[in-house]
Amino acid sequence: MIPAPIVDRQIALADRELPVQAALEGWIAAVLARFPGETRHEVTVRFVDADEGQALNRDYRGRDKPTNVLSFPFDGPPGISLPLLGDLVLCHPVVAREAAEQCKRLEHHYAHLVVHGMLHLLGHDHLEDEEAEAMEQLEREILADLDIADPYAADRTEQQDDSMDERL
């Protein structure tokens with residue numbers, strides 16, 4: 001049996017539109033259900049403002065601007081097994097702006113970013129096209145289990161429209 005996730009929800013900004021504990025636990029459990037052999041099930045989810053999001057993105061990724069989600073996998077000492085999976089940092093102003101721009105429910109966009117970040121904590125990446133396609137498909141499947149529409153559907157339409165313009 002897969003243990004229930006333990007989620008440390010940290011709030012470093014004043015906002016009332018943040019996902020509740022139960023939602024975070026449900027989204028994380030949906031990801032972990034796809035990995036029945038995974039023994040790590042403790043995750044910190046921190047909600048930050050633009051300043052903290054920018055500082056973390058700059059310091060850890062070399063990009064001096066806030067981003068929607070950052071994933072920090074826990075890398076414990078050799079030979080010591082702990083249930084810690086890692087930390088997710090979500091920059092609320094960026095997430096809220098993106099949800100509005102993409103005409104998505106804020107809760108659904110948060111769910112997508114938590115799923116995306118969790119997959120990074122579990123070792124998935126999207127640096128290569130093949131990896132990106134596999135990761136996006138897994139995200140779609142997990143979100144579908146949560147009754148959330150394909151988060152990439154609108155993006156793909158826009159990309160197709162852009163490529164059509166380039167051909168003209």
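1. How many residues has helix 5, and what does helix 5 reach from its first C-alpha to its last? In this predicted model, helix 5 has 17 residues and reaches 24 Å, close to the 24 Å expected at 1.5 Å a residue, where the expected span is 1.5 Å times one less than the number of residues.

2. The model is predicted, with local features needing pLDDT of at least 70 and side-chain atom pairs counting only at pLDDT 80 or more, while totals for chains, interfaces and linings use all residues. Residues are numbered from 1 along each chain as its sequence is written, and side-chain values use heavy atoms, with hydrogens and water left out.

3. Helix 4 (residues 106-121) packs against helix 5 (residues 129-145) at an angle of about 130 degrees, the axes being 10 Å apart. The two helices are therefore oblique to each other, a term for angles that are not under 35 degrees (roughly parallel), over 145 (roughly antiparallel) or 65 to 115 (roughly perpendicular).

4. Among the buried residues of helix 5 are Met135, Leu138, Glu139, Ile142 and Leu143, buried meaning under 20% relative accessible area, with exposed over 50% and partly exposed in between (1.4 Å probe, protein chains only).

5. Arg40 is found in the loop between helix 1 (21-32) and strand 2 (42-48), and at 24% relative accessibility Arg40 counts as partly exposed. Leaving aside neighbours within four places in sequence, Arg40 is in contact with residues including Leu32, Pro83 and Leu121.

Notes:
Axes are lines fitted to C-alpha atoms, for helices over the stretch in contact, and angles run from 0 to 180 degrees between N-to-C directions. Helices (H or I, at least four residues) and strands (E, at least two) are DSSP runs, numbered from the N terminus. Contact means heavy atoms within 4.5 Å.
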